[in-house]
Amino acid sequence: MKSRHHVRTAGARAVRKGLVGTMLLGLLLPLLLLVGGSSASAATLCLPKPDETGCISGTVGSRSDPVAGVDVILRDAQGADVETVTTEEDGKFSFTVTEAGDYFVVLDDETLPDGLEQQPPRAAIAGPDGSVKVTAKLGSAVSPIVEVRDQDYDAGGESFSDQIAQSVVNGLRLGLLLALASLGLSLIYGTTGLSNFSHAELVTLGGMVAYGLVNLAGMNLWLGIVATTILCAGVGYVQDRLLWQPLRRRGLGLTQLMIVTIGLALAAQYAYQYFVGASLQKVVVRDFGTTSFGPVTLTNLSFLAMGVAIVAIALVGFVLVKTRIGQATRAVSDNPALAAASGIDVDKIIRLVWTAAAGLAGLAGVLYALVISNGIRWDTGMQILLLLFAAVTLGGLGTAFGAFVGSIIIGLVVELAGPLGAPGDLKYAVALAILIVLLLVRPQGILGRAERVG
Amino acid sequence: MSETTIGTPSLADPAARRALMAGVTPEPGAAKQDPILKVDKIERRFGGITAVDVEHLEVQRGIITALIGPNGAGKTTFFNLITGFDKPSSAGSGAHWEFDGRALNKTSASSVAKAGMVRTFQLTKSLNRMTVLDNMMLGAQDQSGENLLKSVFKPLWSGQEKAVEEKAKELLARFKLLEKKDDYAGSLSGGQRKLLEMARALMSDPKMIMLDEPMAGVNPALTQSLLGHIQSLRDEGMTVLFVEHDMHVVRHISDWVVVMAEGRVVAEGPADTVMSNQAVIDAYLGAHHDTDLGDDQVLTDRALEQIEAEVRADEAAHKAAAHDGDHAKHDQQGDKS
Amino acid sequence: MDTILEILSAVIREAISPGTAAVAIAVIGLNLHFGYTGLLNFGQSGFMLLGAYGFAISLVHDIPLPLAVLIGLGLAFVFALVLGIPTLQLRGDYLAIVTISAAEIIRFVGRLSTLKDLTGGAQGIQGRTYQPAFVDLSFFGDGAWTLAPFNYTDVAGGAGWVRALGGLVFVVCVVATVIVGRRLKRAADPTRTAPRTGLDGTLGKVLAAVLVLVGLYALFFAMPVTYGRSGVNGWWVRAVAWTLVALSTLVVYLLVRSPWGRLLRGVREDEDAMRSLGRNVFAVKMQSLVIGGLFGALGGMVYVLASTVQPDALGRQITFFSYTALLLGGAATILGPVLGTVLFFSARILIRESARAWVPDSIMSTQQTEQFSFVVVGVALVLLVIFRPQGILGNKRELRFNV
């Protein structure tokens with residue numbers, strides 16, 4: 001017992017040494033790689049000056065029914081974000097440009113009021129990703145037509161069953177990406193008992209790092225994905241080394257650890273805003289085209305993302321089931337004390353789990369930014385955090401396979417909620433409501449075991 | 001403690017107790033003269049494993065009954081079942097048990113306690129961040145100040161509060177914990193916490209007290225005092241049922257022994273004869289065959305190791321490992337004083 | 001010097017703002033949940049939002065103010081029941097996940113464009129549509145008023161040294177209060193063998209109270225604050241808000257010193273032990289969840305008194321801030337929530353304004369100072385939990401025994 005006491009004090013010292021380092025390095029270092037980005041500024045009136053500046057200005061919505069508070073993004077001919085402004089009460093926006101040429105104007109979907117979406121422009125002025133193409137000249141002003149419409153707007157052609165088919169595929173896509181992230185969340189919970197509220201920030205980190213590597217530094221996309229995964233895994237390793245392991249040794253209670261993750265999440269979110277800005281950043285600007293199978297249309301990137309996700313998940317499953325390390329991990333999940341008694345280095349396993357979990361989360365972040373949220377923003381991860389928790393809880397806290405099943409279910413529920421009648425943002429709410437109902441019926445989750453009482 | 005006196009005080013006399021149990025056939029499920037607890041067809045399965053499968057069991061009022069059996073025999077699970085902390089798999093298909101004439105099979109753990117059957121836990125559940133006195137006062141039943149609406153008006157409950165406090169202090173004095181009354185329960189030694197838990201259970205004036213391994217992790221000096229307390233409870237008329245691994249303890253204080261193995265009751269009888277029962281030997285031999293059951297030392301050591309292993313595993317599972325060191329330190333200091 | 005005074009003025013204004021008072025009330029409720037009962041409620045913002053919606057929508061529809069308050073509280077009551085029934089019989093982290101999810105559902109629903117007529121959708125409900133019902137109740141009269149009415153400008157023509165003296169008195173009072181408080185804590189700890197100080201309990205408390213009052217007066221003497229007597233954002237709303245904070249503190253004090261409060265702490269320590277003692281743990285937890293939730297709803301109503309009902313303003317962040325404030329002040333203490341909330345918001349403004357004033361724009365833009373202040377908040381929460389989990393007022397010894 002005495003020696004144990006020593007270990008703990010040593011651990012405490014290590015905490016002090018490691019903390020500041022972790023907080024800043026572990027989470028923020030990869031961000032320092034990035035150059036400070038643009039941030040949304042309020043719309044100001046633009047006056048074109050001959051040979052100096054040109055104006056691109058317009059109104060979101062109609063003059064009688066303007067839409068306020070929407071981020072309007074201006075992209076250059078290469079598709080890179082130039083500037084973002086937020087519309088005022090009158091729905092007006094205005095950009096000042098210093099070079100003539102083609103520009104693309106697009107609305108940030110996330111900032112549009114619920115139920116509204118940008119109306120796809122006519123083919124003649126259509127740019128990539130539903131943007132509107134404008135040609136700016138110095139010394140004059142142009143007004144692109146940016147219109148919005150109801151999301152439930154029926155384009156006419158699509159039948160209900162086609163919609164369902166499309167949603168199922170979208171749901172599988174979302175489910176697979178959620179599974180990537182929730183596997184790690186579940187493994188961490190299983191081995192340490194910790195509900196990691198900062199897991200979503202690891203997802204965001206993945207997108208951010210990929211944005212830095214691929215978009216800003218111009219790295220090849222595939223290389224970028226691999227590099228991001230490795231970098232994020234490194235962040236997981238460093239986090240455990242400098243923060244979680246010393247805290248475990250210090251004997252901090254689980255509740256306290258959980259609050260630590262919340263503080264970490266908070267710090268990370270605002271750090272992202274600080275370094276990258278508050279607007280959506282694209283990982284790739286290139287258009288990869290789409291492929292259709294019958295009624296289902298997906299971008300080619302989506303197929304690739306799903307493929308990558310499946311491979312990664314299968315790999316994790318293989319490691320867990322077939323290898324010694326996987327067996328050791330499951331043993332630690334079952335009973336850490338027993339595992340330790342039978343010669344397993346529990347600390348090493350937990351560090352491995354943190355590393356793998358962070359890597360998987362980072363990978364999920366890149367893919368999510370590529371194919372679902374169409375870019376990465378400081379709160380991208382935060383928005384799916386609850387879906388991750390729902391997935392993990394649904395499958396049974398702490399079981400990796402359960403997390404996978406739960407993720408797929410949550411993905412399907414979210415995507416199918418729309419065509420089946422849930423309006424706008426409520427599709428997330430539906431997933432959470434299902435979680436609450438399930439807890440009433442089967443509290444241990446779909447694949448969880450009933451707990452021994454007493 | 002006069003108010004807790006139930007049953008015949010004459011049972012303080014060993015001869016009276018022997019006489020009382022003499023008429024009982026020493027076989028599993030034997031009928032007792034005046035059973036306080038009757039259990040029928042209680043079964044609990046975890047996955048494919050049957051942890052408890054008790055056909056019939058009666059517990060005699062006013063004496064000390066020991067429940068023994070090899071590790072994994074289902075003793076604690078059985079405790080959990082009859083005290084409402086777990087639900088039998090056989091619920092609805094014949095599972096039935098009654099306490100003092102009152103059916104308990106559909107009752108929650110809290111109502112079981114209210115009915116007068118109070119238990120303690122193998123891993124002591126003291127309320128660590130509360131004072132010893134607060135721990136005790138939570139034991140008292142029917143406090144009007146615990147009603148949300150009355151609680152804000154102190155005059156409505158201050159009288160009862162004083163009475164409860166007096167009673168708590170009396171009990172603490174009896175268990176030699178009075179001078180610790182303002183300490184946090186978490187700062188007590190393991191043995192003192194066992195005492196506190198027992199004293200707290202007595203605050204509710206139970207008819208029967210169920211002790212789950214009261215001696216586990218208690219140092220030898222305190223063991224003797226614990227045994228004395230258990231015996232004096234019985235002498236005041238309370239029924240005691242306890243789970244124990246230590247055969248020394250069992251022989252020393254129990255009036256009747258129930259042996260469980262693989263979830264079943266395999267034998268019953270007085271302490272001095274039951275260990276020679278063939279079924280009991282088989283049950284223990286099933287676990288390890290080269291030990292002589294007559295040798296207490298072997299059984300005890302092995303049992304202790306098991307307990308310790310279990311405790312370690314459980315504590316780690318509860319992430320309590322951190323303050324373990326503190327306890328150990330307190331153990332040494334506290335028990336010396 | 002002027003910059004420093006400006007920053008301090010901004011800090012003081014934030015410290016006494018209705019928003020701070022509102023969050024303090026919600027934190028008082030959270031303290032009942034987390035501090036006393038050990039419930040991991042991560043949906044306190046949901047309670048606040050429901051209270052705010054119920055209150056504001058009722059007022060918009062010309063329902064009398066008392067009834068509107070009751071409707072807000074009623075919604076929170078139902079919300080607590082709906083949350084509690086499925087989760088209070090399960091392990092603690094399920095409650096955390098379900099409460100945070102449920103709070104988000106409320107926010108999503110509030111943002112729905114289909115409910116725009118009722119909730120105003122993502123834009124929320126404009127303050128002017130419901131505030132008059134409250135503002136008109138003011139009996140404070142018109143015009144502006146300064147706290148403190150007798151301040152440094154009235155002495156020696158407002159010389160700098162008078163002001164500095166006031167500030168000094170404030171600092172001295174703070175230091176003295178800390179010393180008295182520590183002695184009181186030591187004296188109240190019977191296990192401490194350290195020699196008793198001459199401070200008798202009651203006398204010490206009176207002394208501490210006097211010091212706090214003198215200190216506060218000295219603060220406002222040196223840094224007078226002027227607002228309109230009534231109006232949307234004047235003294236009236238501040239007076240009401242802080243009176244409610246005081247009342248909430250009093251109610252919680254009365255509750256937790258009673259045997260009922262002992263039940264809460266018992267449940268926090270060990271539910272099974274409480275069951276074995278014949279207590280209905282579910283009922284106790286439910287009562288705690290409801291009462292704490294009602295405080296949350298009340299906080300939400302106060303929050304929107306001087307602003308608008310904006311669903312995103314009462315999102316997850318507010319819950320997280322509440323936890324930070326609670327841990328800063330000290331969980332399971334009576335005054336911890338209020339002290340923690342005031343210090344939390346003051347500190348954030350102090351950081352932000354200092355960064356704005358002294359860090360050049362080329363390094364940190366105005367927007368970045370805001371974000372910087374939140375990063376500091378997050379890091380502070382982490383450090384707090386690790387190095388001083390008992391907060392300012394909590395008992396270190398108590399925390400030695402992890403549950």
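In the predicted model, 10 residue pairs are in polar contact across the interface of chain C and chain B, both residues of each pair being at pLDDT 80 or more. The elements of chain C that give two or more residues to the side touching chain B are helix H10 (235-256), helix H11 (259-269), helix H12 (271-276), helix H13 (281-305) and helix H17 (396-399). Helix H11 of chain C provides the largest share of that side, with 8 residues. By class, the side of chain C that touches chain B consists of 13 nonpolar, 9 polar and 12 charged residues. In total, 34 residues of chain C are in contact with 39 residues of chain B. The two chains bury about 3500 Å² between them, and 60% of this area is on carbon and sulfur atoms. Between chain C and chain B there are 5 salt bridges. In a salt bridge between C:Asp270 and B:Lys125, the N to O distance is 3.8 Å.

Chain C also meets chain A. Here 51 residues of chain C are in contact with 54 residues of chain A. The area buried between chain C and chain A is about 4700 Å², of which 72% is on carbon and sulfur atoms. Across this interface 0 salt bridges are found, while 7 residue pairs are in polar contact, both residues being at pLDDT 80 or more. On the side of chain C that touches chain A, at least two residues each are supplied by helix H4 (65-87), helix H5 (92-111), helix H14 (316-329) and helix H16 (366-387) of chain C. The largest share, 15 residues, comes from helix H16 of chain C. The side of chain C that touches chain A divides by class into 34 nonpolar, 11 polar and 6 charged residues.

Leaving aside neighbours within four places in sequence, C:Ser101 is in contact with A:Leu386, A:Leu432 and A:Leu435. C:Ser101 has a relative accessibility of 0% and therefore counts as buried.

Chain A contains 12 helices and 12 strands. Of its 454 residues, 53% count as buried. Among the contacts in chain A with a separation of 6 or more, 75% are between residues 24 or more positions apart.

The largest nonpolar core has 172 residues, and the members that touch the most others are A:Leu180, A:Trp244, A:Val260, A:Leu370, A:Ile410 and C:Phe42. Helix H9 (residues 346-371) of chain A contributes the largest share of this core, 17 residues. Another core, of 49 residues, lies apart from the largest one and includes B:Val132, B:Met137, B:Leu188 and B:Val259. Beyond its neighbours within four places in sequence, A:Leu370 is in contact with A:Leu221, A:Ile225, A:Val283, A:Val284 and A:Leu301.

Over all chains, the structure holds 42 salt bridges. In one of them, A:Asp347 pairs with A:Arg249, with the closest N and O atoms 3.1 Å apart. A:Asp347 counts as partly exposed at 22% relative accessibility, as does A:Arg249 at 38%. A network of salt bridges links A:Asp240, A:Arg248, A:Arg249, A:Asp347 and A:Arg351.

In chain B, a salt bridge joins B:Asp53 and B:Arg264, whose closest N and O atoms are 3.4 Å apart. This pair links distant parts of the chain, B:Asp53 being in strand S2 (residues 49-60) and B:Arg264 in strand S10 (residues 264-269) of chain B, 211 residues apart. B:Asp53 is buried, with a relative accessible area of 18%, whereas B:Arg264 is partly exposed, with 47%.

In chain C, C:Glu370 forms a salt bridge with C:Arg352, and their closest N and O atoms are 3.0 Å apart. C:Glu370 is in helix H16 of chain C and C:Arg352 in helix H15 (residues 336-358) of chain C, 18 residues apart. C:Glu370 counts as partly exposed at 24% relative accessibility, whereas C:Arg352, at 15%, counts as buried.

Terms used. Residues numbered from 1 in each chain as written. Chains lettered and ligands numbered in written order. Predicted model: local features only at pLDDT ≥ 70, side-chain atom pairs only at ≥ 80, totals over all residues. Heavy atoms only, no water. Core = buried A, V, L, I, M, F, W, Y, C linked by side-chain atoms within 4.5 Å. Buried < 20%, exposed > 50% of the residue type's maximum accessible area, 1.4 Å probe, protein only. Helix = DSSP H or I, 4+ residues; strand = E, 2+ residues; numbered from the N terminus. Contact = heavy atoms within 4.5 Å. Buried area = accessible area lost by both parts, 1.4 Å probe. Salt bridge = Lys/Arg side-chain N within 4 Å of Asp/Glu carboxyl O. Polar contact = N/O pair within 3.5 Å; in protein donor to acceptor, adjacent residues only side chain to side chain. Nonpolar A, V, L, I, M, F, W, Y, C, P; charged D, E, K, R; others polar.
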